[in-house]
Amino acid sequence: DVCKLSLQCGKLRASKRNYSALVAALQTLGYSVPGFVASAVVSLGGQPIAQVAVDDLDISPVCEHFSNILQGALHSLDQGSWGYYEHIVITSVEHHILLCIVGSERNAFQVLITTREADPMESLEVMANVEGAIGSALQ
């Protein structure tokens, strides 16, 4: 239930980060994406910066794994000269997990977890719509 969104902010607090803007962007995802489960902004090192989820779900224990997946994809694309990274969509029996790099420094990424019923392409569009706000909040 989206009305039960919970918020957690990571331990990495830089004075230049605007956490209220990060939270607002993540909450926008929560209210805009059907089947929303959780969303987070995570450093490329795997440290959660902020997250919003239903039912007090905490995805911070898996953020490092998402970071490893993303870094592996970036390395593979670079090694193979296969073009510019856009996003990763992981599909399980019950969920979609979407990973997109955000921010002008490209040192963080956005995670969105939805139920399987959600359309990943529509979810990516909503993620793109809040990417600018997240990038600004990270500066």
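## Elements and layout

Helices (H or I, at least four residues) and strands (E, at least two) are DSSP runs, numbered from the N terminus. What you are looking at is a predicted model, in which local features need pLDDT of at least 70 and side-chain atom pairs count only at pLDDT 80 or more, while totals for chains, interfaces and linings use all residues. Residues are numbered from 1 along each chain as its sequence is written, and side-chain values use heavy atoms, with hydrogens and water left out.

The protein has 3 helices and 6 strands, and from the N terminus on they run β-α-β-β-α-β-β-β-α. Of its 139 residues, 43% count as buried (buried means under 20% relative accessible area, exposed over 50%, partly exposed in between, with a 1.4 Å probe and protein chains only). Looking at contacts (heavy atoms within 4.5 Å) with a separation of 6 or more, 56% join residues 24 or more positions apart.

## How α1 meets α3

Let's start with a helix pair. The axes of α1 (residues 19-32) and α3 (residues 120-138) come within 8 Å and cross at roughly 170°. Here axes are lines fitted to C-alpha atoms, for helices over the stretch in contact, and angles run from 0 to 180 degrees between N-to-C directions. The two helices are therefore roughly antiparallel to each other (angles under 35 degrees count as roughly parallel, over 145 as roughly antiparallel, 65 to 115 as roughly perpendicular and the rest as oblique).

On the α1 side, A21, L22, A25, L26, T28, L29 and S32 take part, and they meet V126, M127, V130, A133, I134, A137 and L138 of α3. Sorted by class, this contact has 12 nonpolar, 2 polar and no charged residues. For these classes, Ala, Val, Leu, Ile, Met, Phe, Trp, Tyr, Cys and Pro count as nonpolar, Asp, Glu, Lys and Arg as charged, and the others, Gly among them, as polar.

## Two nonpolar cores

A nonpolar core is a set of buried Ala, Val, Leu, Ile, Met, Phe, Trp, Tyr and Cys residues joined through side-chain atoms within 4.5 Å. Which residues touch the most other members of the largest one? Of its 24 residues, they are L22, L29, V41, I134 and L138. α1, β2, β3 (48-54), β5 (95-102), β6 and α3 each supply at least two residues, and α3 gives the most, with 7. A second, separate core of 17 residues includes A38, A40, I59 and F66.

Leaving aside neighbours within four places in sequence, L22 is in contact with V41, I49, A50, I134, A137 and L138.

## Individual residues to look at

S43 lies in strand β2 (residues 36-43) and, at 11% relative accessibility, counts as buried. Beyond its neighbours within four places in sequence, S43 contacts I49, S67, N107, A108 and F109.

D119 is in the loop between β6 (108-115) and α3, and is partly exposed at 35% relative accessibility. A polar atom of the D119 side chain lies 2.9 Å from the backbone nitrogen of M121. D119 and H96 are 23 residues apart in sequence and 8.7 Å apart in space, C-alpha to C-alpha.

## Two positive phi values

Most residues other than glycine have a negative phi. D55, in the loop between β3 and α2 (60-80), has a positive phi near 50° and is exposed, with a relative accessible area of 51%. S81 has a positive phi of about 50° although it is not a glycine, and it counts as exposed at 64% relative accessibility.

How values were computed
Polar contact = N/O pair within 3.5 Å; in protein donor to acceptor, adjacent residues only side chain to side chain.
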